[in-house]
Every structure is written in C-alpha cells, then in structure tokens.
Amino acid sequence: MNHLLSFSSSLQGYLAVGAILFALGIFCVLTRKNAIGILLGIELILNAAGINFVAFSKFRTGLIDGQIVALFIMLIAAAEAAVALAVILRFYRLKQTIDADEASILRN
Amino acid sequence: MDLVLLLAEIFTVASAVIVAFHPNILYAAVFLLFAFCGVAVMFLFAGADFLAGAQIIIYVGGVTILILFAIMLTQWLYKIKLVDIRNKMLLPGVLAIGIGFFLYRALHQMALSLPKLTPEALDKFTATPKTALMGQALLGSYLLPFEAITILLLGALVGAVWLARPE
Amino acid sequence: MFPILSVMTYIPLLGMIIILALPRNNPNLVRWVAVGVTAIPLALGVYLYLSFDRSTASMQFVEQFDWIKPFNIQYYMGIDGLSIPMVLLTVLLTFLCVIASWGIETGVKGYYAMFLFLETGMMGVFCALDFFLFFVFWEIMLLPMYFLIGIWGGKEKVYAAIKFFLYTLFGSVLMLLVMVGMYYYSEPHTFNLLQLAQGHMFVGKTVVLFGHQLPVDKLFWIGLFIGFAIKVPVWPFHTWLPWAHVEAPTAVSVILAGVLLKMGTYGILRMNYPILPEATLWAAEFMMVLGIINILYGAFCAMAQKDLKKLVAYSSVSHMGYVMVGMASFTTAGVNGAVLQMFNHGTSTAMLFLLVGVIYDRAHHRWIVKPDGSKGFGGIAAVVPVYTGIMAIALFASLGLPGLSGFISEALVFLGAFSNPRFQTYVVIGSLGILLGAAYLLWMFMRVFLGPLNEEYKDLKDMNFREVFTLMPLCALVIVLGVYPMPVLNLMGSTIEKLLTLFS
Amino acid sequence: MAQQALLIALFPLIAFVIQSLIGKKLPRHGDFISVLAILGSLVVATPIFMKLITEGHVFDSFQVTWMSLRGAEAGRLNSAVTIVIGVLINNLTAIMLLMVTLCAFLIHLFSVGYMHGEERYHLFFAYISLFSAAMLGLVLSDNLLTFFICWELMGLCSYLLIGFYYKKPSAINASIKAFMTTRVGDTLFFMGIAGLYYIYGTSNFMSIYKAIELGTGHGVTILGYPALAFIGFMVLMGTIGKSAQFPLHVWLPDAMEGPTPVSALIHAATMVAAGVFLLIRMFPLLEAAHVVLPVVAYVGAITAFLAALIAIVQVDIKKVLAYSTISQLGYMVMGVGVGAFSAGFMHLITHACFKACLFLCSGSVIHSVHTQDMREMGGLKSKMPITFATMFIATLAISGVPGFSGFVSKDRILGGALAYSMEHQGHYLIPFLGFATAGITAFYMFRMIYMTFFGHARDEHKHHHAHEQPFTMTIPLMVLAALSFAIVFAGPTGIESIDHVMPVKWFDHALEGVQVEMGIAEHLSPEAEAVHHKAHGLALIISLAVAGLGIFLSSITYLKHLLSAEKFKRMAGPLYNLVWNKYFFDEFYLGIFIKKGLLNFNQMLATFDDKVVDRIFVDGWRDIAMVTKNVIGKFDDLVVDRLMVDGTADVMSGGGWVLRQFQTGKVQQYLVLTVMVIIVALFFANLGLK
Amino acid sequence: MGETLHNVMLLAPEVCITLFLCLLFIVDGLFPSLRSNRFPMILTVVACIASMILTAKVGKTPAAYFGGMVVNDGFTTFFRYLFFFTAAVSSYVAFGSKEVEAKSRIEFSLLLLCVTVGMSLMASASNLLVLYMGIEMVSIISFVMAGFRRDNLRSNEASFKYLVFGGVASALMIYGFSLIYGLTGSLNYSQIAASLIAAQGNVGLITWLALVLIYSGLAYKISAFPMHFWAPDVYEGAPTPITAFFSVGPKAAGFAALLRILLTVFAVKTGDGNWKAVEGLSLTSIIAVISAATMIVGNLSALGQTNVKRILAYSSIAHVGYMLMGLVTLDRSGITAIIFYLIAYCAMNIGAFWVVGVVSNIRGREDLEAFRGIGWSMPVLGTCMAIFIFSLTGIPMFSGFIGKFLIFGSVIKSGGFLWLALLGVLNSVVSLYYYVKILKSMWLDKPETEESLRLPFYHAVGLVGLAIPTIVLGLYFTPILEFAEKTLATLL
C-alpha cells in the first residue's frame, strides 16, 4: 500500500494516469460510433497531455510553464469543443443522425 | 494526503474507463465530467491550484455541460436512442493496448532517467500559490499566446455561431 | 552577330502568337500566315546550308549567354554537322506540312498555333548545346504534340495521345535524372554539353543504388539511352509509335516520323557518344542487338498490318533500326550512314505519310484489307496514275532501292557495320531486314494499287496541285540524294570524324 | 574512250526520264525516243567493239570519287572511307556492250510492233529504257557497288515489266515473286560486297584482281570462314538469285507473265546473264577461294539438268523457253565453275542471241495466235515462214548442231567439264549431267518446234487468224538468227580440222587478254594440255551423239508420232509427276513454313484467328514470312503493348484501386489506419534501439 | 513595456491583420449592407497587402522576440509573404464563386484572416506552445471553413471529418509535446535542441515516441503519409475556393513549422551551411520512406478518380511527397528547392482549383464529365488550366518543372537516395496519367452542345495572373532562387 501511495504521488503515478487516459482516449475515438463520443475521446487525450504537463512542471522543471501550457490546452479544447458541437449539430440537422459512419459520401 | 491523490487517480482512471466503454453516450459524458474532476484533484496535488480551478470551471462547467447539452438537444429532440452501437472493438483495442505498451516502456525509461528534484523543492513548489504567478506569466512572457488565444476564440466563436445559427 | 538560330527557333513562336490573335472566322488567312511564318525558317535554313563551314567540327552560328546563373545554365545554341541535317529537315518538313494541312477544318487556329509551337520545340532541340536548354525544348515539344494528336487525330486519338505523352515523359524523366546527375558529378558543375564532353568526367565514379555500388557513367548511359530509345523508338519501347502515327493527322505523322524519331538517335549521338564514350563502347553490342531487333521486328509487324498507315509506322521502326546499327558500328561509314539514314528516312517516310494522307482524304479509310476481311483498296493504279507513281518512288526509296536515297544510307550502314569484325554476324542477320522491307512494301503496293480495280474507287481523284507541290521537293531530294549523297554527307563529315576519334 | 562509253548507258537513261515524265504526251507515245536512244548506244558501242576486233585488245577506265567520308588513316574502324566509282572498258566489256546494245535495240524494235496499242505503252518503253541503262551501266561498272546498283535497278525493271499487266493477279504475283526471290540473292551478294570493303576497302575490280594476285586477304576471316570463301559464296548467291539457279530458280518461269519482248530481253538475253557475268568478273576471287568453284560447277550442272527435264513436259511455249533459259544459264555457271570461264562467257553471248531470237519468235507466234499453249498451235510453218525459219535456226543453235553458235560454246563447256572431271577425280557427275542436258535440250527444243510449226492445226480458228508479222518484228528475228551461226563466234574447238574452218579467233584472243588482266592467265603443263585435248575431243563426240539422239527421239515422237508421248508419260509415272510439278519447289518453300507454323504456333493459331491458316495457302513468296509476321504482329499487340505497357498501367491503377479501398470515407477507419502506422513505426523504432 | 512594444512592432503584420479583422467586425455592425458586395474582399486584400508591406519592413533584421517564443527571420518573412499572398488570392477567388454565398462574406473574410494569423504564427513559432496555438488556430477555424456551405451535406461532412481527424492529430501532437517537455524541461526550440544535443546520441524510445506523435500533428497539417486520409475527402467536400486555400496555405504553414522544428530542434547546422540530424536520430531515411509513401499513395490513388477536385486533392498529397524529398538530404539545396516548390505550387495549385471552381459554378459538378469540351468554349480558361496542369506534372517551361528539377537535383547531389529520385520521377510519370485526363476532358472531348460560355473578366484576370508567374518562373528563376537562398541563410 505504501508502495502504491508513493507511486501515486510520484511522477510515474501522474504519467501512468496520463498514459492510461491517452490509451483510453484513443480507444474511445476509434470505437465510438457516436460523433460526440469521438469528441469525448479527444478530450481524454487532451487531458492526458495536460496531466503530463502539470506533472512535468512539478517533477521535472519546478516551473509553471507546464501549467500554462495545460491552461492553454484547456482553452483550446473548449474552443474546439464549441466548434465541434456546432459542426455536429449541423450534421444532425442535415442527416438526422449522429452516426459517424454515416459521414461517408466522400470516399474512395 | 497521498491516499486522496491515489483515490483521485483511481477515480479518474475508472471514470475514463467508463467513458471509453459505456454504451450509453449520456453516461459516458457524465463520467467524463467525473474524470475531469479527478484530474482537477490531481492538479491540485501537483501544485497547480489555479489550474485545478480552471479545470473545474472550463471543463466541468463549460465543455462537459456543452457536450451534455448537445446530447440532450440532439438526441431528445430527434428521439434517437442514447445507446451507442459500437464499432468493431478488437482492432482498436489492440491498437490502444499497443500504444499503451509503448507508452509504458517509454515513460518508464524516461521517468527513471530524469533528474530528480529534492522532496523539499517539490513540496515548496506544491505549496506555492500559482494564481499570481500565472497571471504574471500570462501578461509577461506568455503574452503572445495569451493574445493569440483571444483571436482563436474569436474566430472559433464566429465560426461556431455561423455554423449553429439557423439560416 | 545575327542570332540566326534563335530567330529560326522563335519566329514560329511569334507566328503562333500572331495566329492566336487572328480572327476565328477566316481560316484561310490563318493558313497563309502559317505558310508565311514557316517559310522564314526555311529560307534561313537555305542560308545556313550555304554558309555552313563544312571543314570544321566545331560549333557554328553560336549564341551563348548566361541564363540561370546559380546553376551555371546557359542559353547556348549552335549547330554542327550532326545538327544541321536535322535542322534542315525540320524546317523543310514543317513548311511542307503546313501546306499539307490545308484540309484541317476544325480549330484551324489552334492547329496551326500548335504546329508552329512544335517547330519551335524541334528547332530548339537540334540547336541547344546546353543540356538544360535541350531538355526544356525536348519537353516543350510534347505539349503541342499531345494536343495535335489528341484533338485532330483519328478515332483512338485520346488513347494514342496519352500513350505518346506517357511514354515520352517516362523517357524524359530519366533523362532529367541523368541531366541533374551529370551536373553534380561534373567538375566544374555544368550543363554545357561541350564541356561535359571534354575529358571523361564520369569514368570511375560510383553511386549507391539499392545497396550496390554502380558506376555512374553506365547508369547515366542507360538513363539517357532509355530516354532517347523511347523516341527512336527502340524495341521494346516502340508501342506508342503505331498508335501515335496512326491516329495523328497526316501532317503530324509526318513530323513525328520525319523529325521526332530522329531526335532519339540525334540525342544518342549528341550526348551518349561524346559525353560517355566508355559506356557507349561498353553498350555497343547491346545497341547493335536492339538495332537488329528493330529492323526485323518492325518489318515483321509491318507485314502483318492491314492499315496502310500502321504499316508505314512500323516501317519506321524497322528503318530506325538501321540507324541504330550504323551508330553502334563505330565505323566511319556506319555512323555517316546512320546520320544520312536519319535524313533520308525523314524524307522518304514523310512522303509515305503524306501519300497515305492523300488517299485517306479521299477514301476516308486506309485499309489494305478491311478488318472484316474484305478487300480494302485494289487496283487503284488505274485511276490515280500520278499518285501511284509518286507512291512507287517513295516506296522504293523506303525499301532501299539503289538510285534512291534509302539505299545509300542503308548501304553505308551495312558496309560500316560489316567492317567492324565484332558485328558481322549481326549484320548478316540484319540484312534479312532488306528482304522483309521489300516484301511488306511491295505486297502492300500490290494489294492497294495493282490487280483488278475495286469498282468502289473508280471515281477516285488523282492528286491536286497542292498535294503534288508538297511531295515534289521530297521526291527531288530522294532522287538527288540517291544519286549523289555528298551534299548531305559533306555537312557532317568533320563532326563525325571528330566524334569517332573517341572510339578508336 | 571510257568517258564516251558512259554515253552508252546515259542515252537510255535520258530516254527513261523523258518517257516517264512526258512520254504520254509525245507523238506515238514517244516510242521513238527509246528506240533512238538505244540505237545511239549501239552506235557508240560499236566502235569500241571494232577496236577490239582490229586491235585485239581494248582497255580504258576512268574514275570519279562518289563519296568520301572523312576519317583517320587506313586500317582502323574510323578510317576514312572513299568510294570511287568509274567505268571499266576491257575486252569483256566491249563484247558485252555490243551484245546488249544490239539485242536491246532489236528487241526495242520488235516491241514497237508487238506492244502496239497497249495501255501504258509509253511506260513500257520507259521501263525497258531504264532497264537497258541499268544493264549497260552494270557492264560498264568498274566496281561492285555500281554494279550492284545497276543490278538492283534491273531487278526493279524486271519487277515492273513482269507486272506490266498490273490488272492481272498472276502477273503481279509473279512480279513480286521475281523481285523477292532475286532479292534473297541480292542481299547476300551485298553482304559479299560488304565483305570486300571489309578486307580490301574497295570493290574496284582491278584493285581486287591486284590484291588477289598479291595474296592479301588470305587469313582474314568473316563469321569464322575464310574471307575469300565467304565473299565467293555470297557472290555465288547473287548469281543464283539473278541467274535463276537452283534453288532460287522458281521465279523465272513465272516471270513469263511479262510481255514477250521483256522475256527476251530481260529474262533471256541480258539480266539473267548478268549473274554469270558477275561470276566471270569475280573469277579470280572465286578461284583464289578454292572451295567455291566446285560448288559453282555443281550448282550449274544440277540446274541445267533439272530445268531441262522440266522443259520436256511444259506445254506453254514461253515456259519451255524459260526452263530452257534456266538450263542454259546452268551451263554457263557450270562452265565458270569448271574453270572454263571463257567458254561460259561465250555461251552467254551465243545464248543471248539465239535465246532472244527464240523468245521473239515465240512472241511472234503468240502475237499471231493469241495463245501460249503449244497444244493449241501446230502447222504454223506455212503461215509464218520467217518466224519458222528463224526459230528453227535458233533451235539448231541451242541444240548444239554443228555449224551453229550453240554448238561451239556448249561443246567447249562440256569439254571443260570433262577435262575438269578428269583432272579432279570423282567429279564425274558434272560432265554426265552436262551431256545428259545436251541431249534433253535437243529433245525438248525440237518438241517445241514440232508442236508449234509442224503437223496439223489443232485449233482451226487460231490457225486461221495466224499471220506473219510486219517487218519491224521480223527484222530483229532475222538479225538474231543470223547471229546464231557459229561463224560469228568461231574459235578453236580443239580439233584442228574444224578449227581450220573457223576463220577468226577474235573471241579467244579477247578472252586471253582478259585473263591476263585478271592475273589468271594459265600456262598448262604438257600433260594437262594433253588431257584437255583429249577431253575436248571426247566431248565433241559425245555431245554430237547425244544431241543427235535427242533430235531423233523428238522427231519420232512428235513429228512422226511413232512413239506416244502419253504412253511415255504413263510409264514414267511418279517421275513424270515430280517433273510436272517442278520438283515441288514452290510447294516446298511454302511447306516449310506451314509445318513450322503448325508445329510451333499451333496453340497460338488456335487462340489467334483462323485467318492465319487461311493465308498460308495463298501463293507467293510473301507467304514465307506470313506465319512469323502474324505471330509477331500479334505478339506486338498482345504481349509487348498490352502486357508490358498497358500491364504496367494496370498494375498502377490496380495499386491505386487497392489504396483507394482504404479511403472508405469513414473517418474512424482512417484513424485506425493512422494509429496502426504509428504503432508499426514505434515497433521499428523500438527494434532499432535494441 | 518598451520591450513588449518592440516585440509587438516586430509582430506588426499579424497585428495589422488583426486590426483589419476588428475593422471588419465594426464595419459589419455599422453597415450591414456592405457584407454582400465585394467590400469585405477588398478589405481582406488590403489587409494582406498592408501586411506584406509591413513584412518587408520588419523582416530586415532577423531576431527572436517575445522571449524567444517567435522568431522573425528570413524564413518567417518568406512564409508571411506566401500566406498573405495566398489569403489575398483566395479571397479574390472566393468572391467570384457561388459557393461562398454573398450573405456570408463577412464571416468568410473574418475566418480567412484568422487563419492567416494562425499560419503566420506557425511559421514564426520557435516555441512549442506557440506552435500549438498556431496549429490549433488554423485547424479549428479551418473546420468551420470546410463546412462553410452550411446547408450542403458534403461540405458538412468535410467539416466533420476534418474536425475529427484534426482533433485527434493535434491531441496526439500535444501529447508528444508534453513528452518533449518532460524530456528536455523546456518548450523553446533552442533549449530543446541544446538538451537533445547534450544527450549525445543517447536516444530512448521516448524520443522516438515524441517524434512520432509530433510528426503526426505536423503531417496532418501537410497531409503527408500516414496522416493524409482526411485530405481527399475534405478537399472534395469543402467549397472549392476554400479547398484552393487549404491545399496551399495551411499546407505551406505546416511545411514552415515542420522545416523549422526539424532544422532547429532535431538537426544541427554544420559549418558549410547544411544540417545534420541530431546524433542518434536517423531522420533522413525515415523522411525518405515517408516521402516515397506519400507520393505513391497520392499518385496511385488519384489514378482511378473521376472527380477533378478529388484528383487535385490526391495530387496535392503527391506534391507533398515530392517536397519532402527535399528534406531527406537536410542540405541547403534541398530546403531551397522546397521553398521554391512552395512558391510554384502556390500559384499553380490555386490556379487549378480556381478553374475547377469556375467550372463547377457553371456546370454544378466537378467531375470530368463537367469539363467536357470546356476548353473550346472558354479558351482562356482552358489554356490556363493546361498551363497549371503541365506545371503540376513538371513539364519544362513551367515552374513546376523547376521545382522538381531542384528537388531531384538536391537528392541526386547527395548521392545517397538515388532510389528515391528514381521513384520520384516515375511517380511524376504516373501523375501525368491522371492530370492528362483533365486536359483530355477539356480539350480532346468535344462538347455535346455548342453552348457559348464566357469566362467572366474577373476570373480571366486572376487566372492569367497566376498563369504568368507559372510560366515566368519556369523560364527564369534566378531571383527566386537567390531569395530562397537568402531566406535560408538567416534561419535562426
């Protein structure tokens, strides 16, 4: 348990969570049929990156620049989400569905 | 204290797992919210107090709510089932595990090879409040990105509005 | 000094612009302007012929300026004994072809504009002494050619045009690689063909390709050769030719066979030979074998054709084989014969294509035997005696009948190749081509002109003045050069003498 | 003199140009121009001949440089090449010139009547003028290159004239067959010339003679053979093609499709003899090459015999003469082969006269009865007395009846052959075939005479219309008949008594002069002299005997009908068939390729089209290449073009197709692919690190 | 404060664009009637021209500013010119097109200017954060632009795909950045480079991982293998003027970023003005493989297409492959070649898409059939298209050839990647096959109906304006070459 505790508060702990989030995010992006689901996956990956930055900021550099990057990631994620949802809403309006696979008129 | 962190991490991971696997998109979105909260706790423990707050405000309060709204709007409005029929999962699963494997290897190697800061320095970093520092940095050396993001947000807003607005 | 070569090259370009500016509704004006424009290079060509110094192997009428300084690319034009016959052929044939194209009715403006553009390209190729410049002209030619075949061609024009374009582009990209390679492997870096030819720059250098150390000069040689071989066309790169020749409008076939094919062999003599003599010697046997294959293969294929134009097209394949054989022999007679054959084939095959065009204009088909097996033409000698007579001259010139130009060049080629002990066997095999050449041409003559008259064609009109006018100069050349070839041989003697010193 | 001699060839050439360009617009379609031109040639040629007669020897030459290609000094690949051409007048030339111009003139004259009213009359004269020019040019040439050019031009004229009736399929088939068959020989001959340039750098006769005398060129090889032998054989191939020797003789009988004057001029008197003339010109080389001459002799002998046999069974009067020509040419070639080249040359001259006469006579007959089939003739003796008389004289000459020219020349050849076999043990076949041929010749010639002129008219209608010809046609007959008398050529037969009768020995003197020029003047040892003497004596007796026998058999069969030809035919059975079908030569040439086609390309034929098979059965030389060309033609289309070129394109677009299958339009699948690539890349990176 | 002002001064072109952006907003608010005429376009063009002038002003002395986050060197200057030019031309194109509706012109101009700022940031960034900002700015707004025809299914689909692909790619990239940050403890290019060099070839899997992830983000931007999948679909679906812009602007920006990061972070300048990869990173052969794969995929996939826009989309992938060839040798001549190629590519590719746009406005379709015989009815358009196509193929006399000439030259010069050069030329032969299909439709096929079409003067001017540099640069390119050399010489 102690071991686990020390791990969790170490760099490795943060990186591990980040890595798991990253992998899950990739998985989510690849498997979700729902367009919004894909967006969820992307958010997971971005969070993974954010965790990394914050972790490195503390454990590697001791400076706040990592945190600032993480902040910008959040902002950009928000902007992206806004645009993404607008696009997806358009998509619904035109196709009456949210299935990502339905977006395949343009092919080959 | 570390226990809280550990729990937060476990909570985050667990929520993320549900996000990735839960067939109902609404549940997934809600668990994403939980995951974000967990991450916020993790940020707190990493000395990013301002960021933790921002995480809650932007992600939990903004992005996730936006997503939930979108889900509600579209799905209830159009009466589409919330259950997300999954695509084939084997290959993506293998790929995700593959990525994870390489990540593990790489990060493990790196974490061991990095120079270690002293625990005191770490504690000191954690203990320092960051809000003022961040503010200074954003208006100081990070002025450029800060200004750039305004243009970005402006553009994104205009774009999102343009797209979402009914003609 | 008066930049005569540049003037000859760009006058047609100017003409093209003028033609494009002319009104669309007056095709005759366009035609006459084209005739006028092509007459200028022809006249200048005559001047070139008269004032060309036959005793020197060095470049004449040289124009040399810096063009792209950072790469040491020059605008470098000049002619020597190798180029001048080709230049003369180009200006003559273009002039005649412009007249022969009178029957083009659709898109007259575009047609003549493209034709003049083509002349610019051809002139440039034969005059350029800078590799880069050469390459630019070489490729420029493709563009009008593509449109000329593709727009004004026959039924399968699109396929033919694309095939032609693809093939030649394939060759020229290899040439591009070699060009760039030559630049970087030469010391000092240069595109100047004459400088590249000085001192065996590429011998002994190697380059790594797929993990093998390969000699640079041989790679260059192969790259260049393929590029040129496609134009020649050397077997097995010849399959674009029947298509392009058959589908192209008459005048374009004439240019294709009369000038464009020569560019291949010209290029080999201009580049492979002087710049890479060692590799050339190394590949001599290979060239010889390909030449022989060309001769026989072309002849056999020609024999199998039912379409008159296709037959003539394949005969070109066969005849260009002689050029290859002559070149590969490295003997005075052989190489002189080869260059002479380039010229002579230019005239005789141009005649044949023009003649085929004449009959096609009247009968709207060219079948010797129709695809369904029924008789195409037959016995038309009775109704078109003048046509038959001129056809007979062209045909006999083509099959190498003594007294007509084809014989001299073929004879020189064989005499030359036979005096190189390495190649005697090949020559004996290749001599079968003489036989086959006679066979397919005479057989064609028999089926089309002789025998009982096919009643369908009893109202066939004989040639009109314009058509006779286009053929007469060629006819005269064929006969005069058959009797006394020195007017052409004189032009190139010194150059070839110098060229051959590299190989002895 | 040599420069003036050039006029001899130039006159007809000018006539050709005029005739072909504006002949149709001239009065009488310009026939007088050609006739005058050749008359002019005759006028110029005569003094040269007279000089030979009076002085016993003529020699003159002049040269011009035709082509000179710059290059290094001699002996290297890039050495300069100078091609010098010129005119050579020597005894041989003088005799030939007179013979050719005379024959040509007479035949021109004959043609004026014979061809009267034909379509393309002017072209006919244009062509024979060109032919005359070429033949005379050939005779005048002092080198093999111009010789070859003229040789080919004659081939062209032959082609044009055989196919003169261009609407008749058989005529045009024959013309192509003639051109192509001779071109086989020509091509190889040209290789021989190329060989000469290779070893000597020249093809000038005098230079060659000199070089051979000096012995240069020995030890050089071409294709692994001694150079001289190679060249010799190639020259022989030229002769075989042009002079219709076995096995390339098949074209000559078909060539009879041409107008009869053409047959007389080209296919009897001059062009076909040019092959023999070539052998004579090149004799020193052939001799120096050793192995060639026996082959020459055998080719000649076999040709003579086989052709004579075929002639027996022919019913077409011109075909008989055609085979007879082949046979006689065989004699000449044999004569050269056994070393008696002066005899061969003499036979060339005598044969030219009497065979021209025979052909013209046959032309006269054909013109009169409008058939060539002898079975439809008969009894024309009274209707056409002049024709009969002249033809009979010529027949006597060809049959070797003493007193006529043929006897002299043929007897010498036979004597030479016998002497040769005596000197070189084992070559008995040559004189045997020679003598046999002599007998057969007499037999079939008299058969022809009997069938044509004697007996009763077999076709009354035709007989009724038969008439004697106008004088433009009969005069040539008479002149040529006159030349068939031995007295014109006179020379020692080897038997003193007869030699005394012959007043002049100009011919022999002339030929001796030639031998000296060639450097082969031989001085026989006394023993050899004796052998020769003996052989000639023996030959005289035998040839007289066989000729007599031949005439006798012919007479009793066709004149008296004591023996039935039909019965004989039946008796001979398969042999008759063999001969009747001309030994299946034509069929053999086709057969090879059918078989080849069937064996090699059976499956292809099945998959390609049936037309290939159909076409094999079409007659003519062209079919030789038919199968091959079809296969290659298809090969080009199917394999080279489709497989290699379009195939590449297919592979490309196939690759494109495969790649486009990844472009499913589903964005997540793109991402899957992308991540896959990333993982693969990482895998390799990981691998690279270890 | 003085320093900040100085910094902002150096950023003048971007600031200028931003000011114009605001101006647009204000004007739109005050005079809504102006939005549907050409006023926004004029404003955009003026903005671009003004920025170009400012670029010339500020670009004289190379310097890093904003604490080393961005640099203002010749390289930046070059790309600024290129972006502003592209933006100006694109707005010109868009305003003649029916695909950009009149009522949405203000939005279009706004977004275009935003993207331009983003591209400019990408080119000048020397800090990972700024680079990320730039890329996201370009990406996010591009998503909107791709879906600019709101009621059009294809446009929307393009937007969606672009969004998903772009989102994932940039997410991967930022994760890669985080790894780099962890590895080197810095975000600044120069410090990262110093740290990498200090590692002395001790390259772990983490470096590769970071490299691969960063590459993913950049490759997505330039649509290189394996991140090219989105390009054909998005290019086909997006409104044509916007596609024209996408295929040039963001791509060039991607190249700018890629070149800078590659040359300043992962490679070291050597004495003779060339570069070599950081010890332990065998970059060149990897780039060679990527380049080969990119051009093969682009060219082969284009073969079977019938939609001209899609053909050009694939061709633009192939061109990326060619351009990447210039990188394999990491020497000056190669980079110069890329810079030249970008210039040439800019003119000819916008031109080609422009023609497609004009045709699709007339015929309502973009497939080959729509082009049938159009050369005869609109000769100027047809001729210009022929010029662009030949230039894209790389036929001499046109700038595309010079680009290829320089690229192949650099590869052959190095001697090591002959196979790549060989593959490159063979690919350009293959490319001819599909390019020529377009020409075939335009010129070789006769139109079914003899319709008399007239090319509006507005378009004729623009097309000729692009065709002329395409030819001129093909015949005389010394100045551009010298300019490119100079550009590189000042790369910080």
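Trainee: Helices (H or I, at least four residues) and strands (E, at least two) are DSSP runs, numbered from the N terminus. In what order do the elements of chain A run from the N terminus on?

Mentor: From the N terminus on, they run α-α-α-α, and the secondary structure of chain A comes to four helices and zero strands. Please keep in mind that this is a predicted model, in which local features need pLDDT of at least 70 and side-chain atom pairs count only at pLDDT 80 or more, while totals for chains, interfaces and linings use all residues. Residues are numbered from 1 along each chain as its sequence is written, with chains lettered from A and ligands numbered from 1 in the order in which they are written.

Trainee: Why is chain A called more spread out than a compact globule?

Mentor: Because its radius of gyration is 18 Å, well over the 13 Å that the globule rule gives for 108 residues; the radius is taken over C-alpha atoms, and the rule is 2.2 Å times the number of residues to the power 0.38. The C-alpha trace of chain A spans about 55 × 30 × 25 Å along its principal axes.

Trainee: Switching to chain C, at what angle do α12 and α13 pack?

Mentor: Helix α12 (residues 277-304) of chain C packs against helix α13 (residues 308-329) of chain C at an angle of about 160 degrees, and their axes are 7 Å apart.

Trainee: What about α13 and α18 in chain D, at what angle do they pack?

Mentor: Helix α13 (residues 292-313) of chain D and helix α18 (residues 429-453) of chain D pack at about 25 degrees, with their axes 9 Å apart, which makes α13(D) roughly parallel to α18(D).

Trainee: Which residues meet there?

Mentor: Among them are D:Ala297, D:Tyr298 and D:Phe305 in α13(D), and D:Leu429, D:Gly434 and D:Tyr444 in α18(D).

Trainee: One last topic, which domains does chain B have?

Mentor: Its domain assignment gives domain 1 (2-117) and domain 2 (130-167), and the centres of these two domains of chain B, taken over C-alpha atoms, are separated by 24 Å.

How values were computed:
Axes fitted to C-alpha atoms, helices over the stretch in contact; angles between N-to-C directions. Parallel < 35°, antiparallel > 145°, perpendicular 65-115°, else oblique. Contact = placed C-beta atoms within 7 Å. Domains from an automatic or database assignment.
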